[in-house]
Amino acid sequence: MKKSLLVLAVLGFAAGSVAAQSSVTVYGLLDMSVNSLHSDSTATTVTLDSGKWLGSRLGFKGSEDLGNGYSVEFKLENGFNGDTGSAGQGGRIFGRQSYIGLNGDFGALKVGRQWIPAYMALAAIDPLEVGMAGDASVWLGANVFDLDVRTSNAVNYTASLRGVSVVLSYGLGEVTGNSAADRQLGYVLGYANGPFNGVLTQHTINDATGTGSARATIVGATWNFGPAMAHLAYDVDKTKAAGATIYDKRNALIGVSVPLGVGKVRLDYIRQDDRLVTDSDAHQTALAYTYDLSKRTTLYTSYAHASTDSATKLNAGVLHTF
């Protein structure tokens, strides 16, 4: 009897604690698509995949008002593969995001696993939102984003004033006796005014010894001129190891997105200039269409053709948020 009363008391306390967390939100997104890939060197492959536009996820987020303009926020976001049910991001429980932060008049300070700010800046410029068959991050900033699009052990600071915004990011490498090893540094400078949105961003990831690094520098802008939005971006990607440059490329993107009722047509062209390998310049053309069935469900299809190995990608999918 005493044990039963104790269990009931504990359950009652737990229920009261959960109820007190009224600002906690459970949310998610499921993205599933059929995809086709063909190139000169490989036969056509057709797959059912998850997260080709936006990564499938299940998350928890919340905040607490501390008074005097201060608040605490947190986010725990799990990534998963909807086609197999397996965990994403190398099997991490909360591999997409896992941070706690303090907000106030000074801005916002967040610590934990977070997106690379440069990747999010590119997503805001790319008409295909670094997703679908024409993912711009496969080209712009690829030497950094191929390593990871998130930083673990990150300290990020964000502030904005009169249309100017800044994001500073520091990722601790946590290597004993070598603070430069595996360290990450990044920033975003943004300016928004009416239809114009511009950004300058850079991110650097050091190697395991701290003697080499991969660095991506991107400048871009969007301009909403009414019936359509123009997209422009240019980046410089360099990777050095022990003082020797092993990757040196320039990428330029031009695109447009055109709303059509509840749908949107998205088009971009990317041109790559390889500064180290002769006759290795490349380009890609991508076209996508998204159609909102509701506020939470969107159909999408996209096509991309790259001159490299004459690779052709095609996908058609559905994205649902909850």
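1. The structure holds 7 aromatic pairs. Rings of Phe, Tyr and Trp (its six-membered ring) count as a pair if their centres lie within 6.5 Å; planes under 30 degrees apart are stacked, over 60 edge-to-face, and the rest tilted. Keep in mind that this is a predicted model, where local features need pLDDT of at least 70, side-chain atom pairs count only at pLDDT 80 or more, and totals for chains, interfaces and linings use all residues. Residues are numbered from 1 along each chain as its sequence is written, and side-chain values use heavy atoms, leaving out hydrogens and water.

2. Have a look at Tyr 119 and Phe 145: their ring centres are 5.2 Å apart and their planes stand at 80°, so this pair is edge-to-face. Tyr 119 belongs to helix α2 (residues 117-125) and Phe 145 to helix α3 (residues 142-145), so the pair ties together parts 26 residues apart in sequence. Helices here are DSSP runs (H or I, at least four residues), as are strands (E, at least two), numbered from the N terminus.

3. Arg 150 lies over the face of Trp 115, 4.1 Å from the ring centre. A charge sits over a ring if NZ of Lys or CZ of Arg is within 6 Å of the ring centre and within 35 degrees of the ring normal.
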